[in-house]
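Visitor: I have not looked at this structure before. Please take me through it in short questions and answers.

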Amino acid sequence: MTLTRTRETAAHRAVVSPYWTHRRRDNLVGYLFIGPQLIGSALFVLLPLGLVLWYSLHEWNVLAGTFEFTGGDNYAKLLNDSNLGEVLGGTAMFSIGLVVFNLSLALLLAVLLNQRLRGTTFFRTLFFSPVVVSLVAWTIVWRFLLQADGGINGLLGTIGVEGPNWLRGDATAMVSVIVVQVLKNVGLNMVLFLAALQGVPRQLHEAAQLDGAGAWRRFTRITVPLISPTILLTSIITVVGSLQVFAQIAVLTQGGPGVSTTVLVYYLYQQAFQFHHFGYGATLSILLFAIVAALTLLQWRMRRKWVLYES
Amino acid sequence: MKPIGKLAALAMAALLTATACGGGQTPAQQGPKPLRMTIWTSNEAHLKLFNEIAAEYKKTHPDVGAITFDSIPFENYTTTLTTQIAGGNAPDLAWVLENSAPDFVSSGALAPLKQTLAKTFGYEFTDLAPAATKLWERDGELFAYPFSTSPFGIFVNDDLVKEAGQKTPRELIKAGQWNWDNAVAIGAAVAKKGKAGLVVRDFDYKNWDNLASVWGGWGARAWSEDGKTCGFNSPEMVQAMTFLHKSIFVDKALPGPGTIVDFFAGDAAMTITQISRASLLEGATFGWDLVPLPSGPKGEYAVIGQAGLGVLKNSANATQAMDFLAFFTNPANSAKLAAYFPPPRTSQLTTETLAKSNPKLKPEQLEEVVINGIAKATVKPSHIGQAELSQTIRAALDPLWKADADVNAVLDGVCAKIQPMIGTS
């Protein structure tokens, strides 16, 4: 009797809602969970990305209020842009300088602060603190320090060295921007390296030491391979971040002297928002997107060659 | 449907819902129409005056709602304004800087004003000085009202000049010796004593158009009258820039690149700037004077900076905005605004009118700098596509700001860069 009733109830349910199977209900719940995020991404990431592509095919004169389809004209302009070579060169120099300097300094600091010594906590906090400081405030303070008669040259003056005009010299301007940016963000990479270093088993070092390996050899043969996934992660983050640098340039040099510190993002801003070439600005951002995508893909592909012990 | 397809469909649906909610034009508002004017001043006294004029206007115009004055920082003013326009959030009225005047006037972004102003009762349209309106006209039509026509002059810290054992510019004027050579000599003498000599305010080795206040004395121009020929490598410009370069790097009469000096804090002997900066001398602890620009090899000259006030053509409330502009700039309000912004009305360019509204300045200072200045002045350089030109020139001039620069070569370089940009306009 009981068995029959159960069967009837089940049959009844099946007839009333044949569509809402468990599987479908689960799926619906899943979609509802990702819904808010999906709508946000679609509206604020995918839609603008699509629009940028659309704008790059147009000439948009904001003042005249005209929006004309020009096909590939902006892309042709990109190929013939006499400034672009210098801009890309400057961007490459900035990115390479930043990545090399940032990663080496971060690793060095992490190794030093991984020692069991008194005061390491203080220094860890000290090097990490710029990460939480407002970027613009940080950069403005550095602009004052780097003036011809600013704090840095004042300090150099006390030891009898006449410092250069940091932000006005072709080479020193680029170096200054890189150093200001590295000091701002090196703490983040340092913390990531520090976490990775603490995951390196102590017994491996001890075993190598017993086998007669020196400190440098243990570092290159044991530490570096074991933290290689973190090196990959930090290098991707730093490369992508270096290509998006804007506020530092806007505050420190405005792209000068000449165009020596005009990196791609700053050039894009100038074209779109200062010169009102919104279509061409959109084209430049497509170029930036392609470069970032290509570099990230390249690093990802290369990971098999040099990243070990990836979980 | 594959999961990825479902996701895409869901995203699309979300997008359509969202755009359906947020997109489209809002229906025409019933009732009073609000007006918004973008400005670059955030000075409390200026805003108080604007709000008083607006309140008075609203008394007789119930069809106009709130009138707001939207202050945008000066450094990024034009960029912010054009971004607002691009984003569909254009103001109804906007101040326009002289360097973007050609772009705004030629593009058709601004509504024509002549008819509205001319037919407004008591406006006295013909009182506007042609020299002041020239920059804002195209094909006989006026696109913005030149609400501020501010001449460049030199503010002098007489205390510093005397301490350096120099004659003051006022004394030099009386002796007929107020020229660039003597101005630089004063600057160099003060600099030797430790303070800065002469500062071209707002130039900062970037905003080169402020140098028009210097090279005007040599009769140099950034480009020809028709805007088609580069003037940077003309003999006059080479002479002017050679003089300036020597004054900076040899005589040290002007503070070098990368040095921040504020005249109004008492750190420099002289500064070239517009007279509207006199308000910064409030509470100054040093004896000061305002004198006209020194004469150059080509004699006396004057330079003015201008600002216009226009109505955005695409504003939904353009008619009301134009009517408000006519009220804002009528003879009575123009006289009030003259307290801060030298008016374009010839009847108000008198020592008496200006003295009433500029209590800080003496009649002779007003006569010399403002009235004579506006009469014979050239406007700071401006051109269609100014932002891009300005940036290109800034970058090309950078090599000049070094002690060992080759002035001729740098100036030839400027023309090589900009001639292709202006030659076809």
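**Two chains, piece by piece**

Visitor: At what angle do the axes of helix 4 of chain A and helix 8 of chain A cross?
Guide: This is a predicted model. Helix 4 covers residues 84-113 of chain A and helix 8 covers residues 170-198 of chain A. Their axes come within 7 Å, and the crossing angle is roughly 40 degrees.

Visitor: Are these two helices parallel, perpendicular or oblique to each other?
Guide: Angles under 35 degrees count as roughly parallel, and 65 to 115 as roughly perpendicular. The crossing of helix 4 and helix 8 of chain A is at roughly 40 degrees. Helix 4 of chain A and helix 8 of chain A are therefore oblique.

Visitor: Is the crossing of helix 4 and helix 8 of chain A left-handed or right-handed, and how many charged residues are in the contact?
Guide: Helix 4 of chain A passes helix 8 of chain A in a right-handed crossing. The residues of their contact include 21 nonpolar and 5 polar ones. The number of charged residues there is none.

Visitor: What is the radius of gyration of chain A?
Guide: Chain A has 14 helices and 2 strands. Its C-alpha atoms fill a box of roughly 105 × 75 × 35 Å along the principal axes. A compact globule of 311 residues would have a radius of gyration near 19 Å, whereas the value for chain A is 27 Å.

Visitor: What is the radius of gyration of chain B?
Guide: The secondary structure of chain B consists of 17 helices and 11 strands. For 425 residues the globule rule gives 22 Å, and chain B is close to this, so it is as compact as a globular protein of that length. Its radius of gyration is 24 Å.

Visitor: What percentage of the residues is buried in chain A, and what percentage in chain B?
Guide: A residue is buried if 20 or more other C-beta atoms lie within 10 Å of its own. Of the 311 residues in chain A, 29% are buried. For the 425 residues of chain B the figure is 45%.

Visitor: Which elements of chain B give two or more residues to the side that touches chain A?
Guide: The contact takes 29 residues from chain A and 30 from chain B. By class, the chain B side has 15 nonpolar, 10 polar and 5 charged residues. The elements that give two or more residues to that side are helix 1 (3-22), helix 3 (77-86), helix 4 (101-107) and helix 16 (386-397) of chain B.

Visitor: Which residues of helix 17 of chain B make its contact with helix 11 of chain B?
Guide: Helix 11 (residues 235-249) and helix 17 (residues 407-422) of chain B pack at about 125 degrees, with their axes 10 Å apart. Their crossing is right-handed. From helix 11 of chain B come Met237(B), Val238(B), Met241(B), Thr242(B) and His245(B), and from helix 17 of chain B come Val407(B), Asn408(B) and Leu411(B).

Visitor: How many residues of helix 7 of chain A are buried?
Guide: Helix 7 of chain A covers residues 151-158 and is followed by Gly160(A), which has a positive phi near 80 degrees. The helix is hardly covered. Among its 8 residues, the count of buried ones is 0.

Visitor: Is His276(A) buried or exposed?
Guide: His276(A) is in the loop between helix 13 and helix 14 (278-306) of chain A. Its phi is near 65 degrees, a positive value in a residue other than glycine. With 27 C-beta neighbours inside 10 Å, His276(A) counts as buried.

Visitor: Is Asp139(B) buried or exposed?
Guide: Asp139(B) also has a positive phi, about 50 degrees, although it is not a glycine. It lies in the loop between strand 4 (137-138) and strand 5 (141-142) of chain B. Because it has 5 C-beta neighbours inside 10 Å, Asp139(B) counts as exposed.

Visitor: What is the omega of the cis peptide bond from Gly256(A) to Pro257(A)?
Guide: Pro257(A) is in the loop between helix 12 (247-252) and helix 13 (264-274) of chain A. The bond that joins Gly256(A) to Pro257(A) is cis, with omega near -10 degrees.

Terms used. Residues numbered from 1 in each chain as written. Chains lettered and ligands numbered in written order. Predicted model: local features only at pLDDT ≥ 70, side-chain atom pairs only at ≥ 80, totals over all residues. Axes fitted to C-alpha atoms, helices over the stretch in contact; angles between N-to-C directions. Helix = DSSP H or I, 4+ residues; strand = E, 2+ residues; numbered from the N terminus. Parallel < 35°, antiparallel > 145°, perpendicular 65-115°, else oblique. Left-handed = near helix turned anticlockwise from the far one by under 90°. Nonpolar A, V, L, I, M, F, W, Y, C, P; charged D, E, K, R; others polar. Contact = placed C-beta atoms within 7 Å. Rg over C-alpha atoms; globule rule 2.2 N^0.38 Å. Buried ≥ 20, exposed ≤ 12 C-beta atoms within 10 Å, placed from the backbone.
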